[in-house]
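Subject: Structure handover

Hello,

Here is the structure for you to look over. My notes follow below it.

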Amino acid sequence: MTDPGAKSFYITTAIDYPNGAPHIGHSMEKVAADVMARFHRLLGDDVAFTMGLDENSQHIVTAAKTAGIETGPFTDEMDRVFRASWDALQISRSSWVRTTEPRHTVASQELFSRALANGDIYKSTYAGWYCPNCNNYYTEDELVDGRCPNHPSITPEWLEEENYFFALSKYSDFLRDHIAANPEFITPSTWTAEVMGLIESGLRDFSVSRRVKPDTEPWGVPVPGDPEHVLYVWFDALTTYLTGIGFPEDGGTSGRYWPADSQVIGKDILRFHTLYWPAMLASAGLPLPRRIAIHGFMTLEGRRISKTTGNVISPIEVVDEFGADPVRYYLMRDLSFSSDGDFSRSKLIRRYNDDLGNDLGNLLNRVVAMIGRYRGGVVPAASDGEAIEAELREIAANAHERAAHHIDQWQLNEALEEIWQLVRRANQYLEARKPWTLAKNEADAGLLDTTLYTAAEATRLAGLYLAPFIPGSADKIMAQLGLDPIADGDWTSKGTWGSADFGTVDPAGPLFPRIEVTE
RNA sequence: GCCGGCGUAGCUCAGCGGCAGAGCAAGGGACUCAUAAGCCCUCGGCCGGUGGUUCGAUUCCACCCGUCGGCACCA
């Protein structure tokens, strides 16, 4: 399917920490990344898309213990739940990395070894408040009245251990220069000042290993040549982005896809992806990702999502009720990628009914119904028409161009707004031409043909442009219009006016049946 | 405390030096192809406050108030 000469596009999402099932708040990042991946496939690019799970943490071991399950089966179950959630949302990942996989051990050790060989890793002393039950260190702030946050009965002791450090401080100038020279590296740019501020306030080296304690379950990637240590967080978690494309086999796929075009993360891990990660890559002699795309956080009905509040909703639950496309549409339309947003059931329903049902679904429905009624289902040939037809063609061309630009800039809600200009204009167009009136007069047959074709074509293009956002529905639009399902490269080859051969419409009923609000 | 974001119509937000914008919500109207949908019109804002720069500020600057984040080994 993919042209070997195609441009490659590599995108990743943050890997999740599977100490519990995913909730709706995790889904915005995944959907946004998926929209981008699908958009690039539509452009004809050869897309790789990595997601995964960060399983190498003592917190996971603790969570498994709490659940009374062995760590392996526990993470296997979490793995199943996470994949099922993203599948429900139609996230089109191409690779899935669990940090416990052997291939990931290889990749992490390789990255570590390269940084070591480059002289950026050294041994030093790490100190912190150690809780033996958690097998974890805490900072002063994290302790609750001097006790372990997870084990109120335990008073952690101050422990020092020798472990490995990464020389982040050496990269201050490099990072500052890179960020200044590549304004798109941090997207949206509102975060640039914050990151620069972090650099100016001074970067400290960070520890990258933990000593394996006796009598604890070994869990993690051994440090190459020093099995007394396991990699701690960064050289393990961040490396998944490389594992996903076959690193360190540079003759294979990783050479083709790296550097990543976009790495999508939440604002909480900004520091690690804009400072630690590029420094680690530079140290290992690898090029840096072109862009770190940072999204805001989601509240649920106005409240912070948290287990203690009890307001967690699973993505599967929401998809079961509304369908994947409506949820995807709502997330991308109402919640700005770059800022925090609130997920609200009533607003989702409003978006569904008003935008998807009334504007888009009803447009499709009236178009296929009229073509069926007035032209026996065959989309008629048409003349160019008059100014009003030209105007609609121009709106479509604008939507094509501007939506692409906005998607490229990670302004996904604005891309949808542009496409909706076309949807709205198509409805207005029908009101202006009044095909139901034209149909009453044989003398208007030619104009009726033009009107029906023009409306059908506008609907087709809107459906195509929406394909990255609502892929299943986009295909249904094509099917009702009697067209082939959307394929890779169609944004270009079929994205302009008149680039499809219509046949016979296939009315299949409302695309987004209205949801009746009860309360 | 330090750094940063935000505060514009009932709601969600756009605009960021030159007569206040969109969508939704609310009210009215003409139509009927369509998911009682679509279309048209109307209502609606001392653009958080105070001072300053400017011929002119929602837009730039200062301060204040409110609000939300970040402040490092925590995903």
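Predicted model: local features only at pLDDT ≥ 70, side-chain atom pairs only at ≥ 80, totals over all residues.

Residues are numbered from 1 along each chain as its sequence is written, chains are lettered from A and ligands numbered from 1 in the order in which they are written, and side-chain values use heavy atoms, with hydrogens and water left out.

Salt bridges

The structure holds 35 salt bridges. The term means a side-chain nitrogen of Lys or Arg within 4 Å of a carboxyl oxygen of Asp or Glu. Side chains of opposite charge can pair when their charged atoms come close.

Take glutamate 29 and lysine 30. Their side chains form a salt bridge, at 2.8 Å from N to O. Glutamate 29 has 6% relative accessibility, so it counts as buried. Lysine 30 is buried too, at 1%. (Buried is under 20% relative accessible area, exposed is over 50%, and partly exposed is in between, with a 1.4 Å probe and protein chains only.)

Next, arginine 256 and aspartate 46. This salt bridge has an N to O distance of 2.6 Å. It links distant parts of the chain: arginine 256 is in helix H9 (residues 253–257), aspartate 46 is in strand E2 (residues 46–53), and they are 210 residues apart. Helices (H or I, at least four residues) and strands (E, at least two) are DSSP runs, numbered from the N terminus. Arginine 256 is partly exposed, with 34% relative accessible area. Aspartate 46 is buried, at 10%.

Then arginine 433 and glutamate 389. Their closest N and O atoms are 2.9 Å apart, in a salt bridge. Arginine 433 sits in helix H15 (residues 412–433) and glutamate 389 in helix H14 (residues 387–408), so the pair ties together parts that are 44 residues apart in sequence. Both residues are buried.

There is also a network. Glu55, Asp76, Asp79, Arg83 and Arg98 are joined by salt bridges that share partners.

The sheet

An open sheet is formed by 3 strands, in the order E9-E11-E10, with antiparallel pairing. Strands E9 (209–211) and E10 (222–223) are at the edges, each with a single partner strand, so one side of each has no neighbour in the sheet. Two strands pair if DSSP finds at least two bridges between them. E9 and strand E11 (residues 226–231) pair over 3 bridges, in the antiparallel sense. Arginine 211 has histidine 229 in E11 as its bridge partner.

Best regards
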